[in-house]
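Here is a short briefing on one protein chain. Keep the structure open beside the text and find each element as it is named.

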Amino acid sequence: MNIQKSQQSPEAAGVSRRHFLKAASVTAAGAAALNFPDVLADAKQPIRAIIIGLGGRGGGAGENFIEAVKNLGVDGKIVAVADLFPEQARRGQEAPFNLPADKCFSGFQAYKLALAVPEVNYAIIATPPGFRPGIYKGCIEAGKNVFMEKPVAADGPGARVMYATGEEATKKGLKVAAGTQRRHQADYIETIKRIHDGAIGDIVTLRAYWVNGGPIWHRGDHGDTALERQIRNWYHYIWLSGDHICEQHVHNLDVCNWIMKTHPVKAWGQGARQMLGDKSGEIWDNFAVEYEYPGGIHMFSYCGQITRKWSSVSEAVHGTKGWSNPNNTIMPTGGQPFRFRGNVINPYVQEHMDLINAIHNDTPLNETQNVTDSTLTAIMGREAAYSGAGVEWDQLLKSNFTYGPHIAYTDPSALVWEDYRTLKPPLPSLHDIFSNPPAVPTVG
Ligand SMILES: NC(=O)c1ccc[n+]([C@@H]2O[C@H](COP(=O)([O-])OP(=O)(O)OC[C@H]3O[C@@H](n4cnc5c(N)ncnc54)[C@H](O)[C@@H]3O)[C@@H](O)[C@H]2O)c1
């Protein structure tokens, strides 16, 4: 479906009223006749949101959006939902969304139908990550502000779509927030500001953990085609989830990149498929990766969904004058410890408050580059572990191997139900996306 931009109001196109007023020619007399406070109040354009991917997080993000609107006292509501599967889309008819059936779209084209609902100016994307680049591109082409969940790609080509689309969003004056919610969490923000201000001296090394109990959920194999079986059980397919290191550990890698104000340039590591056994799927369930940032600073990363006697979802950073748990604590060597004691608004709500404020005040907010850098950091670690070789950032960024159907990145609405290859779980001696041709053995 082609959305006719010329037929859209500035609000529907996601363009702020302030931009619109700037662009319109307003005479001095006309401007004087405007009641200025009313113009400002009016500048708070109503937020008309859609949810794309109404699963666990999509439903949760919708509720968080509703709470953000209430906290800010602004006019905002969910006006449509889109999900690939009809039974999921129908959840839009239930509380708290209570939408009519004709605003609950399903199928591969569902997101485009929801984007075309009049006055929509805010899209929440919570599909599996493999669809993020294509659907994000569709949202920005349609001129919408976006909240999108992490991670945002599964390979280099997907990351390139994200970077390019992020630039397009900035050019259009659209606002974009990502579901790396620690960047909207008051205790992390204050602690990392202190690290940046020198509270622990120069950074020497970092650690990142998503070491969780296991194994991860597995929904079984349901559907008439391989594509359907894969999407319904998306965590287990590399093109859809990016594997465990992308899917969950991206949060902790993002905190390290935030502290370092950049991304690593190299990675090498290892991992295994330990508890998934003979279950269908391609992914591993644990990784240990060493990353190198510019200047030779190393970050040690551990993640897994396997049973063990300890767990930790956290980060740590060590400096020349102390160390920090960047969530909320600074321990300077020989100095007074700092522990954040302030109020922390639920970051899942705060991220929508920040996005709505940026739209209403026309302040800069575009988190595409940060979340794509952090996703690519995870992909670099994964490919290092899969291949058994060291992997460099530029090599990955320029790589051409696409794990999923390429059309998922260009126009996922054009996908049809068909068979799609399943990969064998990677073995370092057999799996290498950088070789020519790429070595990625398939099942069967
Ligand atoms: N920020 C966080 O802390 C956090 C927490 C949980 C999940 N997430 C992220 O949210 C995303 C979704 O996770 P989830 O747990 O909700 O998964 P889920 O399986 O519960 O929901 C995904 C939904 O997307 C739908 N979908 C699949 N392909 C689609 C397509 N092409 N178009 C429209 N809908 C499609 C599915 O039918 C499903 O309803 C993931 O990227 C995950 O990492 C983030």
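Predicted model: local features only at pLDDT ≥ 70, side-chain atom pairs only at ≥ 80, totals over all residues.

**The parallel sheet**

Ala49 stands opposite Ile78 in strand 2. Strand 1, residues 47-52, pairs with strand 2 in the parallel sense, and six bridges link them.

- Helix 4 packs on the sheet and touches strand 1, strand 2, strand 4 (122-125) and strand 5. The direction of helix 4 makes about 165° with that of strand 1.
- The open sheet has six strands in the order 3-2-1-4-5-6. Its pairing is parallel.
- Which strands are the edge strands? They are strand 3 (104-106) and strand 6 (176-178), and each pairs on one side only.
- Neighbouring strands of this sheet are turned by 20° against each other on average, direction ignored.

**The ligand shell**

- How many residues surround the ligand? The shell holds 27 residues. The closest are Gly53, Gly55, Gly56, Arg57 and Leu84.
- Three elements each supply at least two residues of this shell: helix 4 (56-72), strand 2 (76-83) and helix 6 (110-115).
- Which helix gives the most to the shell around the ligand? Helix 4 does, with three residues.
- By class, the shell residues divide into 14 nonpolar, eight polar and five charged.

- Nine strands form another open sheet, in the order 14-13-12-11-7-10-9-8-15. Here the pairing is mixed.
- Strand 14 (338-339) and strand 15 (391-392) stand at the edges. Each has a single partner strand, so one side of each is left without a neighbour in the sheet.
- Helix 9 (residues 186-196) packs on this sheet. It touches strand 11 (312-319), strand 12 (322-325), strand 13 (329-332) and strand 14. The direction of helix 9 makes about 30° with that of strand 13.
- Helix 15 (residues 368-387) packs on the sheet too. It touches strand 8 (266-272), strand 9 (286-293), strand 10 and strand 15. The direction of helix 15 makes about 60° with that of strand 8.

**Strand 10 and its partners**

- Strand 7 (residues 203-212) and strand 10 (residues 297-305) run parallel, joined by eight bridges.
- Which residue of strand 10 is the bridge partner of Arg207? It is Phe300. Val211 has Gly304 as its bridge partner in strand 10.
- Strand 9 and strand 10 run antiparallel, and eight bridges join them. Glu290 has Phe300 as its bridge partner in strand 10.
- Strand 9 and strand 10 also form a hairpin, with three residues between them. In the turn, Gly295 has a positive phi of about 90°.

**Two domains**

- The domain assignment gives domain 1 as 5-182 + 358-371 and domain 2 as 199-342 + 372-403.
- The two domains touch: 22 residues of domain 1 are in contact with 28 residues of domain 2.
- Helix 8 (156-171) and helix 15 each supply at least two residues of the side of domain 1 that touches domain 2. Helix 8 gives the most to that side, with six residues.
- By class, that side of domain 1 has twelve nonpolar, seven polar and three charged residues.

**Backbone exceptions**

- Most residues other than glycine have a negative phi, and most peptide bonds are trans.
- Pro151 lies in the loop between strand 5 (145-148) and helix 8.
- Pro437 sits in the segment after helix 17 (407-410).
- Find Asp243 in the loop between helix 11 (238-241) and helix 12 (244-247).

**The whole chain**

- The chain has 17 helices and 15 strands.
- The C-alpha trace spans about 70 × 65 × 40 Å along its principal axes.
- What radius of gyration would a compact globule with 444 residues have? It would be near 22 Å. The chain has 22 Å, which agrees.

Definitions and conventions
Residues numbered from 1 in each chain as written. Pairing = 2+ DSSP bridges. Helix = DSSP H or I, 4+ residues; strand = E, 2+ residues; numbered from the N terminus. Contact = placed C-beta atoms within 7 Å. Axes fitted to C-alpha atoms, helices over the stretch in contact; angles between N-to-C directions. Near = placed C-beta within 6 Å. Nonpolar A, V, L, I, M, F, W, Y, C, P; charged D, E, K, R; others polar. Domains from an automatic or database assignment. Rg over C-alpha atoms; globule rule 2.2 N^0.38 Å.
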